Amino acid sequence: MSFSFENESGVSIMSCHFNSVTTHLAACAAMLLLAVCPAHSQTPSQTGPGVTATQEPIVVILRTNAQVKSTPSVEAEVVASVSRDTEFKVTGSTEGWVKVGIKGGGEGWLPEAEVGFKINRGGRPCVEVSLEKALDLGALDGAFHGTGSSSGDSVILRAKGTLTAEICPAFESGTVLENQNAGGQNMVLTGLRGRPSGLRITPAFELRFEPGIEAEYLFEAYCINFTKDNPGTTDRLTPKGPAADEIKKILALKSDNLMAVQLAIWAITDNVSPHDANEKFDATTADINAARRLMEAAGLPANRFQLFTLAPPQ
């Protein structure tokens with residue numbers, strides 16, 4: 001089946017063919033609907049042309065309610081109680097805290113974990129914050145969900161902003177997504193793919209969420225639980241910090257061989273055998289050898305894992 005990329009004007013800029021790597025019918029259908037040519041995207045946390053700070057540093061409260069303290073300490077006196085979306089000019093900082101000016105005079109301190117920084121990106125103001133923090137504190141109203149696949153284009157973020165300004169959250173490759181369905185797989189994010197629309201994907205290289213308007217973004221991700229079910233469209237997945245260093249080393253290679261990447265990750269997380277990999281994932285000897293090469297390229301000892309030491313599938 002063929003798919004194409006379109007720019008914002010609807011002009012096709014790339015077309016390709018996609019072959020699913022999963023064996024389950026539901027997973028295949030979901031991936032065929034959303035698949036695109038492999039391409040590695042940037043994370044929004046990287047700065048570049050068009051990304052500048054506002055003239056005076058400004059922070060925005062992300063939590064529903066927050067307290068301004070007299071000193072940078074959780075035990076300090078409360079000098080003001082404020083609500084989400086309140087803005088403050090930054091006058092100083094120390095580890096974990098920002099010093100802000102208070103309307104009417106005086107200064108106080110806010111925990112850095114409860115604020116985002118207002119910046120100008122591409123000529124438009126937005127609040128920059130980590131994706132995990134934006135979801136956790138409610139600055140973004142939404143969640144990650146599965147597509148029915150275990151590898152590749154396998155998770156969608158569907159959310160809307162709750163602040164007055166746009167939110168431009170930054171995400172990190174290697175972030176773990178914990179499935180709230182105990183029977184479903186946890187995943188590890190690799191990169192942003194774009195905005196899904198029917199059979200097409202509009203390329204996107206950053207996340208932006210307008211106030212009250214729901215947006216969807218498709219991500220490349222991989223399963224880190226071999227024995228569990230693929231995450232479905234009703235499964236809710238929550239960011240839970242970075243993956244193990246060995247997994248991050250595999251992802252850092254930016255391989256476009258989905259099968260090899262997934263097998264290498266399962267070798268690390270589940271010590272999967274060649275037989276099980278073949279039975280569940282149709283893995284061939286060539287696939288396993290490709291996974292071994294990834295391990296070696298990442299500087300990991302392949303002989304630690306039974307996927308590379310037991311007899312290959314016949």
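Student: What makes the backbone nitrogen of N257 and the side chain of S255 a polar contact?

Tutor: Let's start with the distance: in this predicted model, the backbone nitrogen of N257 lies 3.1 Å from a polar atom of the S255 side chain. The cut-off for a polar contact is 3.5 Å between N or O atoms, so 3.1 Å falls within it. S255 itself belongs to the loop between α3 (245-252) and α4 (258-270).

Student: How do you know whether S255 is buried or exposed?

Tutor: Look at its relative accessible area, which is 19%. Buried means under 20%, so S255 counts as buried.

Student: How much of the protein counts as buried?

Tutor: Of its 314 residues, 48% are in that class. The protein exposes about 14,700 Å², and 49% of that comes from carbon and sulfur atoms. As for the fold, there are six helices and 18 strands. Among contacts between residues at least 6 apart in sequence, 66% join residues at least 24 apart.

Student: Now the cysteines. Why are C126 and C168 called a disulfide?

Tutor: Their sulfur atoms are 2.1 Å apart. The limit is 2.5 Å, so the pair qualifies. By this rule the count comes to one disulfide.

Student: Which parts of the chain does the pair of C126 and C168 link?

Tutor: Distant ones, 42 residues apart. C126 is in strand β10 (residues 124-128), whereas C168 is in the loop between β13 (166-167) and β14 (175-179). The angle about the S-S bond is 70°, and the link is right-handed.

Student: What makes C126 count as buried?

Tutor: Its relative accessibility is 0%, and the cut-off is under 20%, so C126 is buried. C168, also with a value of 0%, is buried too. C223 is another cysteine that counts as buried, at 0% relative accessibility.

Student: Let's move to the rings. How many aromatic pairs does the structure hold?

Tutor: It holds five. One of them is F209 with Y217: the ring centres are 5.3 Å apart and the planes stand at 70°.

Student: Why is the pair of F209 and Y217 called edge-to-face?

Tutor: Rings pair if their centres lie within 6.5 Å, and 5.3 Å meets that limit. Planes over 60 degrees apart count as edge-to-face, so 70° puts this pair in that class. Both F209 and Y217 are buried.

Student: Which residues do ring pairs link into a cluster?

Tutor: F144, F171 and F219.

Student: Where does the charged end of R195 sit?

Tutor: Over the ring of Y217, 4.9 Å from its centre. The distance limit is 6 Å, so 4.9 Å is within it.

Terms used. Residues are numbered from 1 along each chain as its sequence is written. This is a predicted model: local features need pLDDT of at least 70, side-chain atom pairs count only at pLDDT 80 or more; totals for chains, interfaces and linings use all residues. Side-chain values use heavy atoms; hydrogens and water are left out. Helices (H or I, at least four residues) and strands (E, at least two) are DSSP runs, numbered from the N terminus. Buried means under 20% relative accessible area, exposed over 50%, partly exposed in between (1.4 Å probe, protein chains only). A polar contact is a pair of N or O atoms within 3.5 Å; within protein, one must be able to donate a hydrogen and the other to accept it, and residues adjacent in sequence count only if both atoms are side-chain atoms. Contact means heavy atoms within 4.5 Å. Accessible areas come from the Shrake-Rupley method with a 1.4 Å probe; for residues, only the protein chains shown count as cover. Rings of Phe, Tyr and Trp (its six-membered ring) pair if their centres lie within 6.5 Å; planes under 30 degrees apart count as stacked, over 60 as edge-to-face and the rest as tilted. A charge sits over a ring if NZ of Lys or CZ of Arg is within 6 Å of the ring centre and within 35 degrees of the ring normal.
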